[in-house]
Each structure stands twice: as C-alpha cells, then as structure tokens.
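User: Please take a close look at one residue in this model. Then place that spot in the wider fold.

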Amino acid sequence: MKSAKIGRDGRTRIMDGALRRFSQDGVSATTLASLREESGVSVGSFYHHFASKEHVFGILYAETLAMYQEAFITRLLANDDARAGIEAIVAFHMEWCGEHPERARLLISERPPRREEPGGAEVSESRRTFFRQVADWWKPHMKSGLLKPVQSTMCYVLWLGPAQEMCRLWFAGAHQPTDEEIRSLAEAAWASLSG
C-alpha cells in the first residue's frame with residue numbers, strides 16, 4: 001500500500017511541476033531536468049511514470065482539455081435559452097481561465113498533441129464527444145432560427161475568439177478584463193451567432 005501511495009505522489013508531483021513549468025516557459029523551452037527539479041523526483045521515478053517530456057505534456061493537455069470541456073458542457077446544458085447559453089459560455093470561459101490560469105495558458109498557447117503522440121488519441125476522442133454535445137444543444141436553436149447554421153470551427157471563432165484574445169492579453173499582463181468588458185464579449189458573441 002505504501003509503494004502505491006509513493007507512486008501516485010510522484011506522478012502527481014511530476015504533473016503539478018510540469019503544469020507550472022509549461023505555463024511559465026512553454027513546452028519547447030522546458031527541459032527534462034527542469035521538470036525533474038520542479039517536481040523533486042529522481043530520474044528513475046520520472047521514467048517510472050512517463051517516457052518523456054512530451055508524454056507528460058500529452059497527458060496533461062488531455063486531462064486539462066477534458067476538465068475544461070466537462071465544465072463547459074455543464075454550463076451550456078444549464079441554459080435552455082439560446083441567448084442565455086451563448087452568453088453564459090463566454091462568461092464561463094473567462095471565469096475558468098481566471099480560476100485555472102496555468103491550465104488555460106496550456107490550452108491557449110500550446111499545440112494539442114497529434115493523434116499519434118502521447119495524449120493525442122484521448123484529445124481526439126474528447127473533442128469528438130465535446131463537439132457532438134455542443135451540436136446537440138445547438139441544433140434545436142438553429143432549426144427554430146435563433147442561431148445561425150455555422151460550421152464548428154467558425155462557431156468556435158465567433159463564439160469564443162474575442163474572449164480567447166482577451167485571455168491572451170490578460171495572461172501577458174497587458175490588460176485585466178472588467179465585468180463590463182466580459183458582458184460586452186458575451187453580447188458580441190450573441191450578435192455574431194444569432195439567426
């Protein structure tokens with residue numbers, strides 16, 4: 001039992017340390033040595049849990065994306081009204097990024113793992129499920145004429161593109177978004193997507 005606890009703690013320490021390093025320095029600038037130093041694990045302990053820095057990144061990215069998507073869908077499904085749903089998701093995005101800045105930086109600034117890379121299959125499956133759930137919410141509103149029929153990429157860009165850019169400025173220390181600005185972003189998303 002004791003060795004299982006140590007194993008979990010080592011993996012958790014590596015993941016937590018990687019999140020800090022990747023968020024601050026980016027994945028490409030983070031070295032394996034800095035990951036080990038940040039997490040306080042030995043070379044053997046690191047390789048017991050992960051095959052490479054890219055393996056840690058892939059798992060961390062997949063877990064973070066799933067965490068974001070689950071919260072997104074929960075918020076979206078809490079809104080039957082089309083406008084309320086569109087605007088609630090913009091507010092949710094800004095809230096989630098503020099509550100999880102290191103994870104948000106990872107999603108915003110790093111390329112997702114490709115299907116053949118560590119974590120890539122999980123990311124691909126997670127996205128497929130996520131977009132199906134969003135489409136299931138969207139379709140009745142589209143059929144009633146409340147929302148435009150838009151392809152998923154365009155939907156994302158029109159819905160959250162400006163909020164995503166606001167987050168980039170926020171994380172760069174260039175601007176702290178106000179509640180009024182977040183409301184304006186939500187209203188702009190509705191104006192872009194409403195039928």
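**A serine and its surroundings**

Ser-34 sits in helix α2, residues 32-39. Helices here are DSSP runs of H or I with at least four residues, strands are E runs of at least two, and both are numbered from the N terminus. The model is predicted, so local features need pLDDT of at least 70, side-chain atom pairs count only at pLDDT 80 or more, and totals for chains, interfaces and linings use all residues. Residues are numbered from 1 along each chain as its sequence is written, and side-chain values use heavy atoms, with hydrogens and water left out.

Ser-34 has a relative accessible area of 19%, so it is buried. Buried means under 20%, exposed means over 50%, and partly exposed lies in between, with a 1.4 Å probe and protein chains only. A polar atom of the Ser-34 side chain lies 2.8 Å from the backbone oxygen of Thr-31.

Now the wider fold. The protein chain has 9 helices and 0 strands. Its C-alpha atoms fill a box of roughly 60 × 35 × 30 Å along the principal axes. Of its 195 residues, 42% are buried.

The largest nonpolar core has 53 residues. Such a core is a set of buried Ala, Val, Leu, Ile, Met, Phe, Trp, Tyr and Cys residues joined through side-chain atoms within 4.5 Å. Phe-22, Phe-72, Ile-86 and Trp-159 have the most contacts inside it. Helices α1 (2-25), α4 (53-77), α5 (82-99), α6, α7, α8 and α9 (179-193) each supply at least two residues of this core. Helix α4 gives the most, with 11 residues. Beyond its neighbours within four places in sequence, Ile-86 is in contact (heavy atoms within 4.5 Å) with Trp-137, Trp-138, Leu-147, Trp-159, Ala-189, Trp-190 and Leu-193.

Next, a loop. Arg-111 lies between α6 (101-109) and α7 (120-143). Its relative accessibility is 40%, so Arg-111 counts as partly exposed. Leaving aside neighbours within four places in sequence, Arg-111 is in contact with Phe-57 and Glu-117.

Last, helix α8. Tyr-156 lies in this helix, residues 152-171. Its relative accessible area is 36%, so Tyr-156 is partly exposed.

Methods: Polar contact = N/O pair within 3.5 Å; in protein donor to acceptor, adjacent residues only side chain to side chain.
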